Amino acid sequence: MKSYMLGVDIGTTSTKAVLFDRQGNAVKQSSIEYPLNVPEPGAAEQDPDEILEAVKQSIRTVMKESSIDPKALKVVSFSAAMHSLIAINQEGKPLTPSITWADQRSAPYAEQIKSQTGLDLYKRTGTPIHPMSPLTNILWIKTDRPEVFEQTDRFIGIKEYVFHAFFKEYVIDHSIASATGMFNLHTLDWDEEALSILGIGPEKLSRIVPTTTQFKGIEPALAEELGLDEQVAFVIGANDGCLANLGVDAVMPGEVAITIGTSGAIRTVTDKPVIDEKGRTFCYALTENHWVIGGPVNNGGMVFRWLRDELCKEEVQEAKQQNRDPYDLITEKIDQVPAGSEGLLFHPYLSGERAPSWNANARGSFFGLAIHHHREHMMRAVLEGISMNIHMVLLALEELIGTPKEVRATGGFAHSEVWRQMIADIFGQEVHVPKTVESACLGAAILGMYALGEVEDLSEVKNMVQTETINYPDKEKNTIYNEIMPLYIRLSRMYEQEYDAIVEFQNKYTK
């Protein structure tokens, strides 16, 4: 009987389930979207039950539409977005929505923890202290929502919520745990100082397990609902960033993966934890012998969407008339503007920033705007700004690992020829695009098969991932970017001195 593997990715905007055969070919997939709610300034929340239902529906749809024998499915393995937080009461009911990485309300408490611990806590946990993390959000709940804190039996993330619904147990994998700001990379346990800052004990958190941990025996009614065999193996899996690297075959030294979706990240894999002495990068667990280091950025595709909605209404209307994707029309016009936008720079910090500055108050700006610039220059500068900011993260990463041997692209931006070429020109390196676009789902599936002993080593992913296209850097454009990049970096550091002031002004006068 032919065998299959199912990778499920619980993302920020949707849950995707992809059924793969043993060769890594996608047989069937399903994607269920859900909203990101903003009930007050700085909030970014989701309904955990809505996400749980999306997980069930995506699995159910794939199994039904694929028509495979449920016994042919070897494993269901999970990827999930990092940094989510849900307060749960003793009955297992949510006291809060799922607070996502994009929530900014704990910013003052991030600064408080930074002032208390300096870089010491970061060096043990590998997670920069930032409002994205459960560490700072628990302190926010304790201080600003004390009635919720008092009723909380346990603080969990969205994958823990799903697994509890399936197996009636609160468990968290090393990978998701390593992104909480509370997990000690050296002891592989909850960090005592982090918990003491919050005034909680480990009983308030889930049991920590390796990413390869298996679960079997879902309830018969649930198995029937999902179209699964009752004894199919569930593997807890890892976080989406780590699994995206695995899914694009960027798990060997010198291989770097760039992901740009709503947000973005650049990552590479090492065989042991690696910490940046300047605190610019993260370090997350994949397996005991695979650690993912890199940096996430808030401002990826969401800034491109802002460009479309606020500066490109003409292109949106034109695309509608031509029955085209407006992004295609926008990138066509961007491609007609010279590299470097003739001296116009854009810092893309519309939603604060994580790497490399880790400043929740960072704000966006155009610099160098002159009479010879047109709207098309601003359009290109926006895309260049997103790309140059990610290049700043790579420069920090290079101090730890050296110059990458190969760059692999994943996420929504990988579909754009213009954007991929821009990355190649700015980085001065080839950009390889694998055929598999749902890299986190494939990574989850491969990790699941590794957990079952069906593959001997994660390097077997090489047999499943083929390069679809390669973008080669243009030497002339790379020279231009190398000339302007130092100015981009100097300005980003100069602006740091004024971000707090402009945010104070915005909070005072923005309705």
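Colleague: Hi! Which residues point one way from β18, and which the other way?

Modeller: Hi! This is a predicted model. In it, His290, Val292, Gly294 and Pro296 point one way from β18, while Trp291, Ile293, Gly295 and Val297 point the other way.

Colleague: And are those residues buried or exposed?

Modeller: They are all buried. Eight of the eight residues of β18, which covers residues 290-297, are buried, so the strand is largely enclosed by the rest of the structure.

Colleague: Which strands pair with β18?

Modeller: Strand β16 (residues 264-270) pairs with β18 in the antiparallel sense over seven bridges, and there Val269 stands opposite Val292. Strand β17 (residues 282-287) also runs antiparallel to β18, joined by five bridges. Phe282 has Gly294 as its bridge partner in β18.

Colleague: How many residues does the hairpin between β17 and β18 go through?

Modeller: Two residues.

Colleague: New topic: is Lys159 buried or exposed?

Modeller: Lys159 is buried, because its relative accessible area is 5%, and buried means under 20%. You'll find Lys159 in helix α6 (residues 158-167).

Colleague: What does the side chain of Lys159 reach?

Modeller: A polar contact of 2.7 Å joins it to the side chain of Asp173. The Lys159 side chain also reaches the backbone oxygen of Ile236 at 2.8 Å. Lys159 touches several other residues, including Phe78, Ile176 and Gly237.

Colleague: Last one: where is Ala451, and what does Ala451 touch?

Modeller: Ala451 sits in helix α16 (residues 439-451). Leaving out residues up to four places away in sequence, Ala451 touches Thr212, Gln214 and Val235. The C-alpha atoms of Ala451 and Thr211 are 8.3 Å apart, though the two are 240 residues apart in sequence.

How values were computed: Residues numbered from 1 in each chain as written. Predicted model: local features only at pLDDT ≥ 70, side-chain atom pairs only at ≥ 80, totals over all residues. Heavy atoms only, no water. Helix = DSSP H or I, 4+ residues; strand = E, 2+ residues; numbered from the N terminus. Contact = heavy atoms within 4.5 Å. Buried < 20%, exposed > 50% of the residue type's maximum accessible area, 1.4 Å probe, protein only. Polar contact = N/O pair within 3.5 Å; in protein donor to acceptor, adjacent residues only side chain to side chain. Pairing = 2+ DSSP bridges.
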